[in-house]
Amino acid sequence: MSEMKTISLQEFRDTLKIQGVKPVDYAFVCPRCRTVQSAQDLIKAGAGENFEQVEKYLGFSCFGRFTNAGAPTKGQKGPCNWTLGGLFQIHNLEIVDEDGKHHPIFEPASPELAQQHALKHASEIRHE
């Protein structure tokens with residue numbers, strides 16, 4: 001496991017903005033299964049109907065939790081049921097809020113991955 005990185009809430013917001021996508025497409029990488037995911041994935045998985053309803057899960061729970069994906073296994077392809085609210089803590093990033101409280105979060109995807117992921121969702125919507 002690598003060393004824990006901490007960033008301020010403003011640094012976190014800035015990191016998301018440089019992804020160059022809409023908030024519903026802000027992308028994160030699950031620390032367990034390494035699946036790139038966004039609010040779009042959570043909505044599609046049934047975690048809520050819109051960004052406001054799924055925001056609490058974004059970067060905290062793998063969208064596989066909402067598709068009955070099951071526990072992550074070695075060599076698994078696709079989402080798992082991992083959440084940062086469990087006993088085991090394998091995340092590498094925490095946001096420090098204005099009160100100094102630490103909040104675990106999935107690592108944001110690179111701008112390139114976030115943009116590719118957003119395009120994938122846009123393509124799926126056009127073909128439905």
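**Stop 1: the largest pocket**

The largest pocket has a volume of about 370 Å³. The model is predicted: local features need pLDDT of at least 70 and side-chain atom pairs count only at pLDDT 80 or more, while totals for chains, interfaces and linings use all residues. Residues are numbered from 1 along each chain as its sequence is written, and side-chain values use heavy atoms, with hydrogens and water left out.

A pocket here is an open set of points on a 1 Å grid over the protein atoms alone, with protein on both sides within 12 Å along at least five of seven lines; a cavity is a set of points where a 1.4 Å probe fits but cannot get out, and lining residues have an atom within 4 Å of a point. Points are joined across faces, edges and corners, and a volume is the space filled by probe spheres set on them.

Select Phe12, Glu55, Leu58, Ile95 and Ile105, which lie nearest the centre of this pocket among its 16 lining residues. Then colour helix H1 (9–17) and strand E5 (102–105), each of which supplies at least two lining residues. H1 gives the most, five residues. Helices (H or I, at least four residues) and strands (E, at least two) are DSSP runs numbered from the N terminus. By type, the lining has eleven nonpolar, one polar and four charged residues. Nonpolar covers Ala, Val, Leu, Ile, Met, Phe, Trp, Tyr, Cys and Pro; charged covers Asp, Glu, Lys and Arg; the others, Gly among them, are polar.

**Stop 2: the cavity**

Next select Val29, Pro31, Arg34, His91, Asn92, Leu93, Ile105, Phe106 and Glu107, which line the largest cavity. Its volume is about 50 Å³, and the structure holds one cavity of 30 Å³ or more. Its lining is five nonpolar, two polar and two charged residues.

**Stop 3: the nonpolar core**

Select Phe12, Phe28 and Cys30, which touch the most other members of the largest nonpolar core, a set of 31 residues. Such a core is made of buried Ala, Val, Leu, Ile, Met, Phe, Trp, Tyr and Cys residues joined through side-chain atoms within 4.5 Å. Two or more residues of this core come from each of H1, E2, helix H2 (39–45), H3, E4 and helix H4 (111–127). The largest share, three residues, comes from H2.

Stay on phenylalanine 28: beyond residues up to four places away in sequence, its contacts include Phe12, Leu16, Leu58, Ile105 and Phe106. Contact means heavy atoms within 4.5 Å.

**Stop 4**

The whole structure has zero disulfides. Cysteine 33 is buried at 13% relative accessible area, and cysteine 80 is buried at 0%. Buried means under 20%, exposed over 50% and partly exposed in between, with a 1.4 Å probe and protein chains only.

**Stop 5: two positive phi angles**

Most residues other than glycine have a negative phi. Select arginine 34, which has a positive phi of about 65°. Arginine 34 sits in the loop between strand E2 (28–29) and strand E3 (36–37) and is exposed at 53%.

Last, select asparagine 68, where phi is positive at about 60°. Asparagine 68 is in the loop between helix H3 (51–54) and strand E4 (93–96), and is exposed at 74%.

Notes
Disulfide = S-S within 2.5 Å.
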